[in-house]
Amino acid sequence: MASPDIASLMENCKELDRLRKEQEDVLLEINKLHKKLQSTPEVVEKPGDTSLLKLKNLYTHAKELSETEVRVSSILLTQLDALLPPGPPGQQRRRMEGNDQRKRRMKPDSDISRVSPSMRNQLDSCASLKGEQVAARVTTEEAEKDEYIVVKVMRFEREEREFEVLDEEPGEDEEGGGQRKFKLPMSHIIPFPKRSDPSSATDFPPGRAVLAVYPGTTALYKATVVNSRKRKTEDYLLEFDDDEGEDGSMPQRTLAVYLQA
């Protein structure tokens with residue numbers, strides 16, 4: 001084995017350890033903010049409070065770290081495959097059979113030690129979305145840029161940290177007109193607020209640009225918040241872009257806001 005290859009492997013190992021340590025630090029900060037908001041939810045209504053903005057930035061950072069961890073892990077697997085000697089098939093099989101029980105015993109411990117409790121909770125939450133409708137950021141060949149659409153979660157692969165989703169209503173103008181499937185990373189999926197818990201919808205100030213499901217459809221469109229909510233159970237009043245009436249006015253629609261643009 002060439003020493004430059006080993007040096008590169010060790011550097012990637014160090015980078016993976018650094019990423020996981022940084023993930024734990026970020027998730028610790030997220031948990032602190034969660035506890036703060038759960039104990040004093042009224043703090044977000046105070047002028048100048050930045051708790052929600054901090055929480056959004058922490059979530060964004062956590063997603064970026066998670067995606068980078070997957071990328072570095074894939075590079076390490078490729079490097080290890082290139083460095084490990086192939087060996088005779090029979091000899092390799094005997095070596096695996098002899099240590100099979102030990103490997104089975106060690107693997108769960110290794111997996112648990114490498115994933116923080118907060119990350120396990122996040123993965124569990126993703127797995128619980130199976131069968132649910134969510135918003136997904138997708139890229140299609142015919143589209144000039146990414147777009148948000150409403151999709152159904154078919155499954156969540158924990159190892160790859162990847163969703164398989166189905167666009168059940170692609171629209172008449174889509175090529176083929178049939179249902180479309182996508183495989184997307186965690187960062188491209190945003191769950192809707194729980195219907196049984198309206199308070200889970202995010203708070204937005206008047207004038208804020210958002211993405212929301214247009215009433216009576218499953219399509220996401222850009223809109224502007226008209227009113228602020230006094231209670232978390234109240235719906236928002238929105239003005240949707242490109243929704244101009246015959247008299248030139250902007251019709252206002254009432255619904256819960258799902259996404260920030």
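F240 counts as buried, at 1% relative accessibility; buried means under 20% relative accessible area, exposed over 50%, and partly exposed in between, with a 1.4 Å probe and protein chains only. The model is predicted, so local features need pLDDT of at least 70 and side-chain atom pairs count only at pLDDT 80 or more, while totals for chains, interfaces and linings use all residues. Residues are numbered from 1 along each chain as its sequence is written, and side-chain values use heavy atoms, with hydrogens and water left out.

F240 is found in strand β8, residues 236-240. Strands (E, at least two residues) and helices (H or I, at least four) are DSSP runs, numbered from the N terminus. Between F240 and Q252 there are 12 residues in sequence and 7.4 Å in space, C-alpha to C-alpha.

Strand β6, residues 209-213, is mostly covered, with 4 of its 5 residues buried. Its pairing with strand β7, residues 220-225, is antiparallel and runs over 5 bridges; two strands pair if DSSP finds at least two bridges between them. Within this pairing, A212 stands opposite Y221 in β7.

The next topic is the nonpolar cores. In soluble globular proteins, nonpolar side chains tend to be buried together. A nonpolar core here is a set of buried Ala, Val, Leu, Ile, Met, Phe, Trp, Tyr and Cys residues joined through side-chain atoms within 4.5 Å. The largest one has 33 residues, and I30, F163, V165, L184 and I189 have the most contacts inside it. At least two residues of this core come from each of α1 (3-39), α2 (51-83), α5 (117-127), β1 (133-138), β2 (147-157), β3 (162-167) and β4 (180-185). Its largest share, 8 residues, is supplied by α1. Another core lies apart from it and has 10 residues, including V210, Y236, L238 and L255.

Not counting residues up to four places away in sequence, I30 touches L55, L58, Y59 and A62; contact means heavy atoms within 4.5 Å.

The structure holds 1 aromatic pair. F156 and F163 form this pair, which is tilted, at 4.7 Å centre to centre and 45° between the planes. Rings of Phe, Tyr and Trp (its six-membered ring) pair if their centres lie within 6.5 Å; planes under 30 degrees apart count as stacked, over 60 as edge-to-face and the rest as tilted. F156 is buried at a relative accessible area of 11%, and F163 is buried at 1% relative accessibility.

E164 has its place in strand β3 and counts as buried at 14% relative accessibility. Its side chain makes a polar contact of 2.9 Å with the side chain of R155. A polar contact is a pair of N or O atoms within 3.5 Å; within protein, one must be able to donate a hydrogen and the other to accept it, and residues adjacent in sequence count only if both atoms are side-chain atoms. Leaving aside neighbours within four places in sequence, E164 is in contact with K152, V153, M154, R155, K181, F182 and K183.

R161 lies in the loop between β2 and β3 and is buried at 11% relative accessibility. Most residues other than glycine have a negative phi. R161 is not a glycine, yet has a positive phi of about 55°.

Finally, the structure holds 0 disulfides, a disulfide being a pair of cysteine sulfur atoms within 2.5 Å. C13 is partly exposed at 28% relative accessibility, whereas C126 is buried at 10%.
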